[in-house]
Amino acid sequence: MHPLIRGSTVLAFLATVTLTLWQPGSRPWPWRLWATVPVACAGSLWVTFRYKGPADNETAQWILAETLAFLVLAIPSVRHPKQGYAATVAFGLFLTIAVIPLRISLTLNPPAEQRETVGLCVIWGVAAGLSIGAACYLRSLDSRRQIAVAAERRAQRLSVARDLHDFAAHDVTGVMVLAQAAKALAKESPERALALLPQIETAGVQALQSMDRTIRIFSELDGGRDGDRGSGSERVRPDTKTTGTVRASDPGAQVGEGQAEHSGPRPSLRVEEVATLVDRFSSTGTIPARLDLAPGVLDGLPPQISSVGYRVVMEGLTNVRRHAASASQVIVDVRHTEDGDGLRISVTDDGDGQPPGIAATEREGGGTGIADLGRRVEAVGGTFMAEARHPVGWRVTAVLPFR
């Protein structure tokens, strides 16, 4: 066997084994692998036009083995993440495979006819095209998977960011309200203003804890924890508190069950937790809150329903602080529905919607709490409503099914 044929075949097999074992679709290529395919192709082309014979059965078998090696090599090499490199090696592999039959047709004695030579090259070229086409299909699947993973991580980050809004906005708004109250009392009663400082500190620490937890979750996501749940739908900005009725009913923005499971232990609508939430609202603000809760109402709630119910109470209280600082009382009412198959939660205030001093510090564009809350409620099969009361006040109501 001529050493040129043997060397070219061995080089093709080495390149194929190296790239196949490396699994290029799963990790970056080191720079040494970039030259593997071009070197193998260049070596094969050089042998094709350099080889002078003999054209026997053994030579044909080695040439066939080299062809198969190059056909397999097309699969991992064309899946290279760099599009320019993939296109270059695809062209190089097609050319290399298509002209391999010249090693036999040009060295036969007597030489093969031109029609036979072209026919062999066409057959080898079709085989090369099929192999490269399969590689291009796999490359498209790789791209779709990467896009899906990126979208999933983006959805997780958005969900975690919304969780941060839900949990931190309550405390941050309390800090703002207490700071404004302390400012108003500073001239008339410095002692009362100083008494608010511990409450401001407590609310601030709680908000920082929520932010610290969110940063840890973002770090875990960046470390490659691919979630299996989440929603990639965009949220619309909810309208600020106005007269009329607001319903979250966008059918195209459903929130998946168990969304943002990466956010750690989730608060639930247990008696002690909802009581603590209401007490904290009263102690870190100027509006008293009352919890109307019959014994046994919260027993045996499904975890998802319990988590959403807690958010209803929290978002309702947060909205009171942001939009109804003139309210004299907030009532949180939790009870079974009339048919006994669900839980009805309402947060009601008697504010006029014109809080003095807060409008000047309101964030431009508002938040997304009400819109997100409505979607969370509807995602578990419940109904949600935020509506004005007459003559004054506002009510947030959610009906959650037990199943």
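**Entry 1: the E5–E6 hairpin**

I started at the hairpin that E5 and E6 form, with five residues between the two strands. In its turn, Gly393 has a positive phi of about 115°. Strands here are DSSP runs of E with at least two residues, helices are runs of H or I with at least four, and both are numbered from the N terminus. This is a predicted model, in which local features need pLDDT of at least 70 and side-chain atom pairs count only at pLDDT 80 or more, while totals for chains, interfaces and linings use all residues. Residues are numbered from 1 along each chain as its sequence is written, and side-chain values use heavy atoms, with hydrogens and water left out.

I then checked the pairing, which requires that DSSP finds at least two bridges between two strands. E5 and E6 run antiparallel and are joined by six bridges. Ala388 stands opposite Trp394 in E6. E6 also pairs with E4, in the antiparallel sense, over eight bridges. There, Trp394 of E6 is the bridge partner of Asp349.

Is E6 buried or exposed? Six of its eight residues are buried, so E6 is largely enclosed by the rest of the structure. I use buried for under 20% relative accessible area, exposed for over 50% and partly exposed for in between, with a 1.4 Å probe and protein chains only.

I listed the contacts of Leu269, where contact means heavy atoms within 4.5 Å. Leaving out residues up to four places away in sequence, Leu269 touches Val274, Leu298, Leu301, Ser306, Gly309, Tyr310, Val313, Leu343 and Ile345.

**Entry 2: E2 and E3**

I found strand E2 (residues 289-293) paired with E3 in the parallel sense over five bridges. Asp292 has Asp333 in E3 as its bridge partner.

**Entry 3: helix H3**

I checked the length of H3 (residues 36-50). At 1.5 Å a residue, its 15 residues should span 21 Å, and its end C-alpha atoms are 21 Å apart, which agrees. The expected span is 1.5 Å times one less than the number of residues.

Which residues of H3 are buried? They are Thr36, Val37, Ala40, Cys41, Ser44, Val47 and Thr48. They cover an arc of only 130° around the axis, which puts them on the same side of H3. That arc is taken from the directions from the helix axis to the C-beta atoms. An α-helix has 3.6 residues a turn, so residues three or four places apart point the same way. Phe49 and Arg50, on the other side of H3, are exposed.

**Entry 4: Leu141 and totals**

I located Leu141 in helix H7 (residues 114-188). Leu141 counts as partly exposed, at 33% relative accessibility. Leu141 and Arg79 are 62 residues apart in sequence and 9.7 Å apart in space, C-alpha to C-alpha.

For the protein I noted 12 helices and six strands. Of its 403 residues, 44% count as buried.
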